[in-house]
Amino acid sequence: MNLDRLNSDGKNLKDLELHIPKELDKKYNYSMSKLDPSDVLIGYEKQLKGIDQGLNQVDKRNIMLVGPQGIGKTATVEKFAYNRLYTKTPAVVIRLALERLGALNENVMVSRMESLAEDLVSIEYSTLIANYDDITKKNVTELNDSEISAIIKSEPQALVCVYDKGIFDKQTVDLLGLSVDTIEQLVRINNGSYISTDTLDIDGSMIDLSQLEETQISVLLKENPTAKRISTDYFKIEKVSKSGSYELDISILNENDLKIIKQNNPMMTYTRSIIYNDKYDLVVFIDEVHKLNNYGRQARGTKGSSGAMNALKESLARGKAKIIAATTDYEYQGNIAQDLAFERRFNTIVLNQPNDSDTCKILKSHLSSWQKRWDYIPKVSDEAIEEIVQLSSKLITEQPQPSKSINMLDSAIGICRDDFKQTGQKNEVTHEKIVAAFSKEGIDIDLKISAQHTEKVFRRRIKGQAIATRTIVGAVRKAKYTVRDYRKPIATLLLAGTTGTGKTESVKALAEAIFGRENAILTLNGGDYLTPKAVNEATQFIGDSVQTDRSRIILIDEIEKADKNMPKAYMRLIDEGIVRDSHGIERSLSSCIIVATTNLGAEQIAKLAETMHISRNKNTDFMTASLEQAWNSATMDIQQALVTGNRREDNGLPPEFLQRFTIVPFFALQKSAFATIANIKLNEFIDEERALGFDVRIPENKSKEEWSKQGKDFEKYDDVDVVSIMIATDIMNTDAQKIGARAINNYINDTVKNKFSMAIEHRDEANLSLDGYFTINTNGNSLMESNNHEMATVLVTYTDSNRRTWLVDEYHKDVDGNSCYLDVTGLSPAEMWKKVTSDPDRIRSETATAYYAKNETHYSSVKDNINKDKSDFFSTWNK
């Protein structure tokens, strides 16, 4: 890229061309390229001044830029190069790509670092003569090599000693044998005319071969075996000295080239000169310089830098090269600072994030650059740029400014450009486009949450916790409609109460309501983090998780069981809204909800439930004014109970921790709530089985008016079935109530599912049809149905397509040791239970009938023969 600029004297200044000799380009695996100047960067004046001052030092002329990834280290170097275009001594910056160079053998990589400084002198000289005609020289023809070497070492701007002038006694110089590249350079720096001839001498007749094809030339050579082919490369010198000799600038020649010319031109003499570079600065830029530590590592057990870093260190010590290296602060500490000898060869310049004002200017500069390069860039107002910068500063912690704001502006523009390609209509970057850009990164700007939707989800899933539901829904409403601190999580909730009261279920319900999926929960169990080290690992685990999924609930279950450092770690998460992952990178929690649960204070909450007379509420799912007043009056007592913790266990929570949370109380559930939960769980089980192709049913739900007919004890039950009430009244005994709703899950898993599986198995093993339906019912002994005080349980029956009802008698066995399959058509649940629990001797006849008839496909064919075969069968049975 050539840029015509005006320098400080008002003269036209051309951006210099970088010239790398071909052999060096190949030697470094084509890893060197010119870093083009750019004026996109805004700010960093202090750092840019520091680069200029450092490169002008007389001894240590190397710079180390240190700053987070994406802060603008490369852009700073591009800006440095751009600023130098306006000075008397511009700078050419070479980008050295370590990834490409590192593709070489490890030992070769180390070797290249050793020779880098010397090779840069060759590149600097080659670039100098490629861009300038008036080069400063000192004639040293009369000096020996050691004297010349001393001058070069002592004079900072001295580069190399070259063969300066070739002096010839004739105007044409024979260049035959030189490479095409060398000849082209000679022609360029001497502004002469180059003549190349290819002739065939046939007995004194000269034939020009330049216009012939090689096949034609081959024919001529075969037909004229005594002919001589003569190729010549002549340079016609235009410059004549005062003494009448012809002078040619041969400064680009090496020793071998000079030897070839002297052989072709025996009368040639030459002068030697030291070349000085007072025209420009050549600077090498090595980004991510810490990667050098991957090549030529020290032996195991030794300390220090790698072979490649040590080689570069020595090269810097004795060379004239000017180097700008760059690395992140994290890599600087791990790979650079540990080698003091390497570190001291650099002037360290730290890049800090620009403030929001400067970042806005940088975005405008980028926008202007994009508008010049692309066919369509949407309009972006100053207000939109300010919004992007402010939101990026608050919500994106793992990237620095200006990188993160540039990325978000680019994303918003991409959305607009895509719309333009789809519709052909030009638009601009609006708030909605900015929201969409952040949403692509998993960051919610405008919370897509609804308190009403959240309440509906909680009404459906959470039973008997009116205060908890009201408090959680209120937290969601506050996050939606009040001024939001984007640096902090959406909400912070502490769920307190005894086990089995709905805390975990509430977290799942909140995940469903806010994030649309129940599994949007990252769970940490407090009992797994019992040491400070484990707590640190917990926070890193959170950081690693939110790296890929920013919108979720962070749950620490039973936080009182964790090490004392866990609440402290959580306080930092809440106050700063950030967490460090396992790589030390800060991750934002602004799109997360922080939830902790605890069983502390359960005794006080239980006593409070009695004081508040929660059991008297006709509907425990809905809040009342008196209930709210009672809770508000008791809040401080509950907080004190959480601070005190369990007696003699020293597991209380710090007061400052509680101040950062909204406390959500969970009271012991009433039987009516247990019945409703049981009904929900049973229907969930039914849905699961129907998905597998099984038709499963339970008795119909009844209203509270219908249940009240059973007596005053049942008037609180509403819209539930008899099985659910049986679980709440008969199964949920005192011990079961201590573990709360989990007892319901346990009963359904251990009893209901077991009996249901047995019912399916009997039909499946006998290859019987499953076209009918299964019914889960009580055994008629629940408190609602009987006062006989016998065991209440469930029965699972199967009704076939002929409307016959079958029941597995798991308490009696047939002759093969299998449970019997009884025909219980027309019997009530109580009659079924009586049938299967009767005395075995008394029901043998019935059992035998069931045994003969269990295969319904031949039931009708055997029933007429049952009486005839009974005597033979029972005689065999009794034996």
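In this predicted model, six strands make up an open sheet with mixed pairing, ordered β3-β5-β14-β15-β4-β16. At its edges lie β3 (32-34) and β16 (347-350), each of which pairs on one side only. Direction ignored, neighbouring strands of the sheet are turned against each other by 25° on average.

Within the sheet, β5 and β14 run parallel and are joined by five bridges. Strand β5 covers residues 91-96, and β14 covers residues 281-286. One of the bridge pairs links valine 92 to leucine 282 of β14.

Helices α20 and α21 pack with their axes 9 Å apart, at an angle of about 30°. Because angles under 35 degrees count as roughly parallel, α20 is roughly parallel to α21. The crossing of α20 past α21 is right-handed. The residues that make the contact are listed by helix below.

| Helix | Residue range | Contact residues |
|---|---|---|
| α20 | residues 532-548 | Pro532, Val535, Ala538, Thr539, Ile542 |
| α21 | residues 565-576 | Asn565, Met566, Ala569, Tyr570, Leu573 |

By residue class, the contact of α20 with α21 comprises eight nonpolar and two polar residues, with no charged residue. Among the contact residues are Val535 and Ile542 on α20, and Met566 and Leu573 on α21. Thr539 of α20 and Asn565 of α21 also take part in the contact.

Terms used:
Residues are numbered from 1 along each chain as its sequence is written. This is a predicted model: local features need pLDDT of at least 70, side-chain atom pairs count only at pLDDT 80 or more; totals for chains, interfaces and linings use all residues. Side-chain values use heavy atoms; hydrogens and water are left out. Axes are lines fitted to C-alpha atoms, for helices over the stretch in contact, and angles run from 0 to 180 degrees between N-to-C directions. Helices (H or I, at least four residues) and strands (E, at least two) are DSSP runs, numbered from the N terminus. Angles under 35 degrees count as roughly parallel, over 145 as roughly antiparallel, 65 to 115 as roughly perpendicular and the rest as oblique. A crossing is left-handed if the near helix is turned anticlockwise from the far one by less than a right angle, and right-handed if clockwise. Contact means heavy atoms within 4.5 Å. Ala, Val, Leu, Ile, Met, Phe, Trp, Tyr, Cys and Pro count as nonpolar, Asp, Glu, Lys and Arg as charged, and the others, Gly among them, as polar. Two strands pair if DSSP finds at least two bridges between them.
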